[in-house]
Amino acid sequence: MRAWPAPDVPTLTVTGPEVALHDTATGQLVPVVPEDGHARLYVCGITPYDATHMGHAATYVGFDLLNRAWRNAGHAVTYAQNVTDVDDPLLERAAKVGIDWVELAERETELFRQDMTALRVLPPAHYTGAVESIPLVIGLIERLRAAGAVYQVEDDLYFSVAADPTFGEESNYPRELMLEIFPERGGDPDRPGKKDPLDCVLWRAERPGEPSWPSPFGPGRPGWHIECSAISLEHLGTAFDVQGGGSDLVFPHHEMCAGHTQVATGERFAKVYAHAGMVAYDGEKMSKSKGNLVFVSALRNSDIDPMAIRLTLLRHHYRSDWEWTDAELFDSVDTLAQWRKALALGSGAPAGPVIEDVLEVLAADLDAPAAVELIQGWVDATLGVDGLADNTDHDAAGRIAAVLDAALGLSL
Ligand code: 5CA
Ligand code: ZN
């Protein structure tokens, strides 16, 4: 399907350092230096049954920093993202509000595109829906069947986690924790007939009132995890550089995705697994199912500058769990006004060292809060907050504006 339009990104005159990222699988900070200079990134996309909330926005802005850091280090980036445009929560919401599920998915996906455009998130080259990937999913299930990793429970097909010798190596969760989390995130551990409670659905046979597609295994629809394995395999191949998403996807989603690709191809799914922290609101994880949501589109509709939304997100490290407050948003509005004032001067405090430091902190596990502090330091020095203005760099503002845009996605 169509992604959203790409914002213009200025080309910097300095090259940023190579990027290192915290890897969930090893718990280490690891270099993510693409082979042959070409990075491959997959980030799990939305399930479009409601509008984009700040949790989603934080995750996509977080991985946008990675995309930008790679580009600033001189690499090309191929970015793929899915849209889970058929799944239980979407069908349930459509039935509840009495609209067609296709219409709901299209409406919310379009709103997401507008939100991402407003937030200046670089679009994926491959933006792919679950529905349009059904032939890919069927092909991958066939490969898993040939590998002996598939069995049937009634008319549904399951993936046998026992077939994957690497199962558990992505999350490193102990089995008790897996069993606890699995049912909270779409799993069905207690279903009679399963070989292992943790086995997951690959193909869900047609149920009355649910959409279905023909397949060699009978009419039905894809399970959730196989969707991301099939789409990433098609567009990025195996062992791509980074698999990303929120930390709610560490298990079972990314563990199962890794298992499907590993068993079907004999090769690993991703080299590094990166996870964004959870954004809360009113004391709980912001989630569509709980309804404690702050929507990007609602703020845009009340004339909030999208760059102030983005700055609020950037002030939290992508891996931290944090709580959204309106007070921080209003603070960002004030900060941007001050930054714009400094940039309007044209000349300013020396920009060179600030630019290098900004690129460096971003390359080290995407430390956007540190980058924001560095910019604030330049603004303070330029406006002479300490009475120490040293505006001897005559093209400082233009260069600071360029790094703000290219590295942090803030166009002021
Ligand atoms: N369609 C699946 C992934 S294949 C899905 O999880 N969709 S979602 O709409 O629920 O979430 C979209 C993305 O936002 C995922 O990467 C998810 O991990 C992330 N996300 C969801 N809620 C939050 C939150 N409260 N804070 C941060 N990220 C979140
Ligand atoms: Zn996914």
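Me: What makes the second largest cavity a feature of domain 1 (20–281) and domain 2 (306–408), and how many residues does each give to its lining?

Reply: In this predicted model, domain 1 (20–281) and domain 2 (306–408) each contribute at least three residues to the lining of the second largest cavity. The residues are G16, P17, L65, R68, A69, N72, L359, L362, A363 and A407.

Me: Which elements supply at least two residues of that lining, the lining of the second largest cavity?

Reply: Helix 1 and helix 11 (352–363) do. Helix 1 provides the largest share, with four residues.

Me: What is the class make-up of the lining of the second largest cavity?

Reply: Seven of its residues are nonpolar, two are polar and one is charged. Arg counts as charged, and R68 is among the lining residues.

Me: How do you know that this space is a cavity, and what is the volume of the second largest cavity?

Reply: The term is used where a 1.4 Å probe fits but cannot get out. The second largest cavity holds about 60 Å³ of space, and the search of the whole structure, with a threshold of 30 Å³ or more, finds three cavities.

Me: What is the volume of the largest cavity, and which residues lie nearest its centre?

Reply: The volume of the largest cavity is about 90 Å³. Its lining has 13 residues, and A58, L313, H316, H317 and Y318 lie nearest the centre. Helix 1 (54–72) and helix 9 (306–314) are the elements that give two or more residues to this lining. Helix 1 accounts for the largest share, four residues.

Me: Which domains contribute to the lining of the largest cavity, and how does that lining divide by class?

Reply: Domain 1 (20–281) and domain 2 (306–408) each give at least three residues. Nine residues of the lining are nonpolar, four are polar and none is charged.

Me: What is the volume of the second largest pocket, and why is it called a pocket rather than a cavity?

Reply: The second largest pocket has a volume of about 220 Å³. It is lined by 17 residues, with T166, E169, R268, A270 and Y273 closest to its centre. Helix 7 (250–265) and strand 11 (270–276) are the elements giving two or more residues to that lining. The word pocket applies because the set of points is open, whereas a cavity is one from which the probe cannot get out.

Me: Which element gives the largest share of the lining of the second largest pocket, and what classes does the lining contain?

Reply: Helix 7 gives the largest share, four residues. The lining comprises six nonpolar, four polar and seven charged residues.

Me: Which protein donors does the zinc ion (ligand 2) have, and why is the arrangement of its donor atoms given the name it has?

Reply: The protein donors are C44 (SG), C228 (SG) and H253 (NE2), at 2.1 to 2.3 Å from the zinc ion. The four donor atoms subtend angles of 103 to 119 degrees. Four donors count as tetrahedral if all angles lie between 85 and 135 degrees, so the arrangement is tetrahedral.

Me: How are the donor residues of the zinc ion (ligand 2) spaced in sequence?

Reply: Their spacing is C-x183-C-x24-H. C44 sits in the loop between strand 3 (38–43) and helix 1, and H253 in helix 7, so this pair ties together parts 209 residues apart in sequence.

Me: Are C44 and H253 buried or exposed, and how do you know?

Reply: Buried means under 20% relative accessible area. C44 has 5%, so C44 is buried. H253 has 1% relative accessibility and therefore counts as buried too.

Definitions and conventions
Residues numbered from 1 in each chain as written. Chains lettered and ligands numbered in written order. Predicted model: local features only at pLDDT ≥ 70, side-chain atom pairs only at ≥ 80, totals over all residues. Heavy atoms only, no water. 1 Å grid on protein atoms, 1.4 Å probe; cavity = no way out; pocket = protein on both sides within 12 Å on 5 of 7 lines; lining within 4 Å. Points joined across faces, edges and corners; volume = space filled by probe spheres on them. Domains from an automatic or database assignment. Donors = N, O, S within 2.8 Å, 3.2 Å for Na, K, Ca; no water. Tetrahedral: all angles 85-135°; square planar, octahedral: opposite > 155°, others 65-115°. Buried < 20%, exposed > 50% of the residue type's maximum accessible area, 1.4 Å probe, protein only.
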